[in-house]
Amino acid sequence: MPKLEYAGEVCEGNAKLVKQLETVQMTAAKKILRCLSTTSNTVLRAELGMHPLKTNRDMRKLNWQYKVKSMPKQRLPAIVDRAVWEKVTKGRAGIRWDGVVEKVWKDIRGNQGEIMSAGKFGRYKAKVEESIERRERLALRNKVESEKHFEIYGGLREGLGMKTYLHGPMDFAKTLKLRFRVGDLDMPERRKRYTSSREEGEVGAQVCPCGKAIESRTHIVSECEIYKTERDVLEEEMRETDECEMEEFNTMNSSEKTIAILGDRWWPQEAKQEGDKISKKIIYNVWKQRNERPIVGGVSIRSRNGVPSRNGRVVNGQMTKASNN
Ligand SMILES: [Zn+2]
C-alpha cells in the first residue's frame, strides 16, 4: 500500500481508483479477521486502530504544506508553489493543490491560522493529528448512533485504537469476540438489515428456542436459560478473579452485563487479561452450544457456517447488501 500512496501529499489521483484502494485494504482486513464483507468499515477500523487511507494522505498533505511554506524561497518546491500554482488559471484542467489542501482544512474543521502559527513542525504536526483524530472519532460516533444494530458497540465506548483482545495471531476466539462486539452474527438483530420483515415473520426465526424473547446477543449472553451452564462457568471464573466486583456485576441489567463481558472497561486494570480470556470462553461456549442445537420446526434459517451469504440475499427480486460505511 505505501507504494501506491507515493506522492499522496501532492497528488490526489482518480477518485474512483482512490475508492477502490480503500476497498482493497478493507477487504484484506476482513479476510484476515474472518468477518463478513458487510461489516461496517468505520467500526472495523476503530477495532483495528486503523485510519482510512484518505486520513493518512490528508495528514501528509497538511504536513507538506507546512514544509513548503516554511522552506527557503530558493528551494524548488517553494518556487513551484509560488510560480506554478499561482499561475493556474480558471477553467484549466487540473486541480490547484492549495485548493485540495483548503478542502482538507475545511473537512477537519481545524483552525488553519492557529495551527499554522503553532511554531515548530513537531507542534504543528501534533495539532494536525489532533484535528484529524477528532474528525475520525466524530465519524465513528455518527455511524454508531445512526444504526440500532450498533447499540452494543456504542455501549463499549472504547473509541479508536487497536483493541487488546486482538493482539497476537488471529484465532477463532478473537474472530468470534470481534463478531459479537460488532454484531456480525446471524441473528435477528442483524438479519433485519437483509431480510424483509414479512419473510422473517414467516420463518418464525426471530424468537429464541426458549420462547421467551427475540434472539439477540444480549439475550443469549446474559438472559437465556438455555445457556445457564455457560453463564455459571463465567460467573464462577469471575468470582475466582479477585479484582472482579461481583456485587456490582450482579446489579447490572442484561444489556450492561453483555457490554461488560464483551468490552474492556468493566474489568479492573489488573484483571483485564484474565477478563479477556473469560469473555472469549463464554462467547465461544454459548455460540458452540447455540449452533449445535437442533433447529426447531425443521426449517433451517442458518447457512452452513451460521452467517448469511457473502453476496447478500435475494429479497423481492433484489439483492440486498448492507452499506459498508
Ligand atoms: Zn432464549
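The structure is a predicted model, in which local features need pLDDT of at least 70 and side-chain atom pairs count only at pLDDT 80 or more, while totals for chains, interfaces and linings use all residues. Residues are numbered from 1 along each chain as its sequence is written.

The axes of α3 (residues 53-69) and α5 (residues 97-108) come within 10 Å and cross at roughly 120 degrees, the axes being lines fitted to C-alpha atoms, for helices over the stretch in contact, with angles from 0 to 180 degrees between N-to-C directions. The crossing of these two helices is left-handed, in that the near helix is turned anticlockwise from the far one by less than a right angle. Asp58, Lys61, Leu62 and Gln65 of α3 make the contact together with Val100, Val101 and Val104 of α5, where contact requires C-beta atoms, placed from the backbone, to lie within 7 Å. By class, four nonpolar, one polar and two charged residues take part (Ala, Val, Leu, Ile, Met, Phe, Trp, Tyr, Cys and Pro count as nonpolar, Asp, Glu, Lys and Arg as charged, and the others, Gly among them, as polar).

The chain as a whole has 16 helices and two strands, assigned as DSSP runs (H or I of at least four residues for helices, E of at least two for strands) and numbered from the N terminus. Of its 325 residues, 27% are buried, that is, with 20 or more other C-beta atoms within 10 Å of their own, whereas 12 or fewer make a residue exposed and counts in between make it partly exposed. Among contacts between residues at least 6 apart in sequence, 69% join residues at least 24 apart.

The largest nonpolar core has 35 residues, and those with the most contacts inside it are Tyr153, Leu262, Ile282, Ile283 and Val286; such a core is a set of buried Ala, Val, Leu, Ile, Met, Phe, Trp, Tyr and Cys residues joined through C-beta atoms within 7 Å. Elements giving two or more residues to this core include α7 (121-146), α13 (228-240) and α16 (272-292), and α16 gives the most, with five residues.

Arg34, although not a glycine, has a positive phi of about 55 degrees. Arg34 lies in the loop between α1 (15-33) and α2 (41-48) and is partly exposed, with 17 other C-beta atoms within 10 Å.

Note on methods:
Two residues are in contact if their C-beta atoms, placed from the backbone, lie within 7 Å.
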